[in-house]
Amino acid sequence: MPQLLQRQQALNHWLNQHFAGQIDLQLISGDASFRRYFRFQHQQTSYIAVDAPPEHENNPLFVELSCALRQNNVDSVEVLSHNFEMGFMLLADLGDIHLVDKINQHNYQNYYQQLLPTIHQLQTMPAAELAIAGYDETFCQFEMSLFHDWFLHKQHAIELSPEQTEQLTLALNTVSQLFLQIPQVNVHRDLHCKNIMLSNERIKLIDFQGMMTGPCTYDLASLLKDCYLVWPQEQINQIAQQYRAKYYPDVSESTWQLWFDIAGLQRHIKCAGIFCRLKLRDNKAGYIQYLPNVLQYIQQVCTRYQHTYPEFKILSECIALTEELAE
């Protein structure tokens, strides 16, 4: 019997210990991780069952963070029951509507304005309540190494020359140094239109198990420079500055813009590699369609800072190499 079917049957058996009668699980999604989500009904109430293999997923952290977020008035999913040994969880059902289903060119600024206080609530939660790690140079560089390993090497079979390798190393070192100089706070770390749900018109956060302490502009860049959506740069920068004006008024506009761009740059360098890894290693090709958005964001920042940080030029040159192969 295939392993996935075995796990689904085991999940069914676990749920039957909580609910009388037959449970009919309907697969609703798998995501970029190893988790699978199922919906089922019981006595006119809808629930979500999660299969999250413990060898791949940190389920205790997910449950701990869910409780901490809700206790600090950050709307998020509620965990009703769990079995850490088996890797199963029972969640309240938030419905089917994600931000991506509702957002458009007419309302995106409105939705983002609604989300700004949520980001600030997340940032100002007492750190002692969160058992999360923090970014350091090693982890920051590891994330960006996916750009070379998966985007350049495995996806496009590009071998950089020693000189190009040295230039890329210098560029990534600069990004890392700037990234770590930004004030560090609690960050969701994957705050985008598919990880925000609208339940009875209330914004609720999901997939927060990757939370860390990181740059105070990280979630803002993740949200406004969404890999799955692209909006006009000028409007996005204005919203970022509105956040600064309200919550970080002592920071200058130019410094905040740099922080916003660098946090986004580090994230998008990572995402370029992750989208290729999802396709090549995990057989999840759906993400690769968003790669042009990610590359566009990288090139925008390289262009903006071409005089201040000329070492970023190699990033644009690497992207150009992949475009030449596609012609």
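Five aromatic residues, Tyr135, Phe139, Phe142, Phe179 and Tyr218, come together as one aromatic cluster. Keep in mind that you're looking at a predicted model. The count of aromatic pairs comes to 23.

Phe147 and Phe151, by contrast, both belong to helix 5, four residues apart, or about one turn of the helix. They're both buried too.

Rings can also have a charge sitting over them here: the charged end of Lys154 is over the ring of Trp150, 4.0 Å from its centre, and that of Lys225 is over Phe260, 4.8 Å from the ring centre.

Now for the nonpolar core. The largest one has 103 residues, and Tyr112, Phe147, Ile298 and Phe312 touch the most other members. Helix 9 supplies the largest share, 13 residues. A second, separate core has 12 residues, including Trp14 and Leu90. Looking beyond its close sequence neighbours (those within four places), Tyr112 is in contact with several residues, among them Leu99, Leu223 and Trp231.

Helix 9 also holds Arg267. Is Arg267 buried or exposed? Its relative accessible area is 3%, so it counts as buried. The side chain of Arg267 makes a polar contact of 2.8 Å with that of Asp190.

Notes:
Residues numbered from 1 in each chain as written. Predicted model: local features only at pLDDT ≥ 70, side-chain atom pairs only at ≥ 80, totals over all residues. Heavy atoms only, no water. Helix = DSSP H or I, 4+ residues; strand = E, 2+ residues; numbered from the N terminus. Buried < 20%, exposed > 50% of the residue type's maximum accessible area, 1.4 Å probe, protein only. Polar contact = N/O pair within 3.5 Å; in protein donor to acceptor, adjacent residues only side chain to side chain. Core = buried A, V, L, I, M, F, W, Y, C linked by side-chain atoms within 4.5 Å. Contact = heavy atoms within 4.5 Å. Phe/Tyr/Trp six-rings, centres within 6.5 Å; stacked < 30°, edge-to-face > 60°. Lys NZ or Arg CZ within 6 Å of the ring centre and 35° of its normal.
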